[in-house]
Amino acid sequence: LSTRPAIVGRCVLFVLLAGWMNAGPLVKQVLRVKAPLMQQWVMFSGVSLDTCTVRYAEHTAEGGDEPLDRYEVLGVERGWDAPKSVRLVRTVEQARSIGQKMCRKLGPDADVRAFVRCATRTGWKRELKGDENLCERKK
Amino acid sequence: VNLLRRLFAWTILVEGSTRPAALMRMGIVALAWAEWSGAFIGPRSLEPASLLTGVALSVFGMATLLGLGTRVSSAGFAATLLAIYYYWGHHRGVESYVHHHSWVLVAGGMGVALLPAGGSYSIDRWWAVRRARRRGEPQPPESGPLWGQRLIAMQVSLVYFWGAYDKLQPGFWSGVRMQHHWLHYYGGSDYPRWVGFPWLMQGISVGTVVLEFAMAFLLFVPRIQVPLMVVGLLFHWGLYQLLPVGTFSLTMWLLYLAYLDADAVHRWIDGMAGPTPGDPTHPGGRPPAG
């Protein structure tokens, strides 16, 4: 059986360590105080924010939009082995850059539009609504 | 007052089998080595601090794994993990060493150092048994104070509770943050066209929050902890398969041992034992060959 000093020692250590474990999330997550040495539990809360959804279309003379498959236009095979720069669009600039590559593939009269939404902590933010001719920038 | 007294007895005075502590002892070393030993390989850096960390990780780790001078070696091992987290991670700025999975390993290592983790499955135990036999004394019991086990369990519950708390925001609750993860890791930038994708993501999100809050508290309830652990094992297995979580899933699995009644684990392990091969006196044992 444990001696009294051992029990007192355990008590002190328990309170100190349990206090440290609990203080981290309380200070950082509730009080929002910057305390770099303390631990918080915010797993995966900051990842995947560099993610956008994209949809391309060719604007026709009649004013309509014909869907464009970026894989097909760029001659890239769809799937896991596709270059990540084509598969996952992380920024609006990257979406524009892909669109401009498609312009070059489609020829001088092409009119490529992009519909882009990018991730935020609260949802999706619409960045491009198809009202910008990406081919014009290169002309 | 009575409740406080019971809580004190449950946390500080608790004693029991050392087998779960011993299993965690071995598991934590294996996981910490998997996580960090590659970073502190001697010839890679001749900087004294790096060499010292590498040697400590290796020597204390080996002794802790084998249960050799476990009181000292496990304390040294925990100190090494703390040094990796605070000195290398925070002070020297190695970002990957201050991730949540790193702290769970550190907390596990500290908890093991506060337990009589050499009381079972160890060289210390082997020596203690030999010494007792030599002196004609009964074998020493595999038991000791288990307050460190309560600390480990508390840490695991804190991971769940605050992890769920962080997810209590519209972006996660609505399933949109899960959509981001799905597209980022799997789908790429083509938003899935199949019906039900947003609902599936929302279902997974809500389920995760509910499960994490439940795990934070209910893992302490003996009557339901085993089925809940099965759910937890599947949850962490899923995380391991779907996200780059490194050693986190296995560490959480391992530390579930801290919630269990240590004596019940001891009895369960005893109950698993079959007849000793080659022991004719044991029911079902085979006589020695030849």
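The model is predicted, and local features are given only at pLDDT of at least 70, side-chain atom pairs only at pLDDT 80 or more, while totals for chains, interfaces and linings use all residues. Residues are numbered from 1 along each chain as its sequence is written, chains are lettered from A and ligands numbered from 1 in the order in which they are written, and side-chain values use heavy atoms, with hydrogens and water left out. Chain A and chain B bury about 4,200 Å² between them, and a search of the whole structure finds two disulfides over all chains.

**The interface of chain A and chain B**

- In the interface, 49 residues of chain A are in contact with 45 residues of chain B, where contact means heavy atoms within 4.5 Å.
- Of the buried area of about 4,200 Å², 64% lies on carbon and sulfur atoms; buried area is the accessible area (1.4 Å probe) that two parts lose on being put together, summed over both.
- On the side of chain A, the residues that lose the most area to chain B are Phe14(A), Trp41(A) and Phe44(A), which together make up 19% of what that side buries.
- Across this interface the rule finds 18 residue pairs in polar contact, with both residues at pLDDT 80 or more; a polar contact is a pair of N or O atoms within 3.5 Å, of which, within protein, one must be able to donate a hydrogen and the other to accept it, and residues adjacent in sequence count only if both atoms are side-chain atoms.
- At least two residues of the side of chain A that touches chain B come from each of helix H1 (4–30), strand S1 (52–59), helix H2 (70–74), strand S3 (112–120) and strand S4 (123–129) of chain A, with helices (H or I, at least four residues) and strands (E, at least two) taken as DSSP runs numbered from the N terminus.
- The largest share of that side, 14 residues, is supplied by H1(A).
- By residue class, the side of chain A that touches chain B divides into 28 nonpolar, 12 polar and nine charged residues; Ala, Val, Leu, Ile, Met, Phe, Trp, Tyr, Cys and Pro count as nonpolar, Asp, Glu, Lys and Arg as charged, and the others, Gly among them, as polar.
- Gln179(B), in helix H9 of chain B, is buried at a relative accessible area of 5%, where buried means under 20%, exposed over 50% and partly exposed in between (1.4 Å probe, protein chains only).
- Not counting residues up to four places away in sequence, Gln179(B) touches Trp124(A), Tyr191(B), Phe197(B), Pro198(B) and Met201(B).

**Salt bridges**

- The count over all chains comes to 11 salt bridges, each a side-chain nitrogen of Lys or Arg within 4 Å of a carboxyl oxygen of Asp or Glu, and two salt bridges are found across the interface of chain A and chain B.
- Asp190(B) meets Arg70(A) in a salt bridge at 2.8 Å, N to O, and this pair crosses between chains, from the loop between helix H9 (176–187) and helix H10 (197–218) of chain B to helix H2 of chain A.
- Asp190(B) counts as partly exposed at 25% relative accessibility, whereas Arg70(A) counts as buried at 3%.
- Asp190(B) also forms a salt bridge with Arg78(A), at 3.7 Å, N to O.
- Within chain A, the closest N and O atoms of the salt bridge between Arg90(A) and Asp50(A) are 2.6 Å apart, and the pair links parts of the chain 40 residues apart, Arg90(A) lying in the loop between helix H3 (84–87) and helix H4 (92–106) and Asp50(A) in the loop between H1 and S1.
- Within chain B, the side chains of Arg92(B) and Glu47(B) meet in a salt bridge at 2.7 Å, N to O.

**Disulfides**

- A disulfide is here a pair of cysteine sulfur atoms within 2.5 Å, and one of them joins Cys52(A) and Cys118(A), whose sulfur atoms are 2.0 Å apart.
- The torsion about the S-S bond of Cys52(A) and Cys118(A) is about 100°, so this disulfide is right-handed.
- Cys52(A) in strand S1 and Cys118(A) in strand S3 of chain A are 66 residues apart; Cys52(A) is buried at 0% relative accessible area, and Cys118(A) is buried at 8%.
- Cys103(A) and Cys135(A) form a disulfide with sulfur atoms 2.0 Å apart, and with -85° about the S-S bond this link is left-handed.
- Numbering the bonded cysteines of chain A in sequence order gives the pairing 1-3, 2-4.
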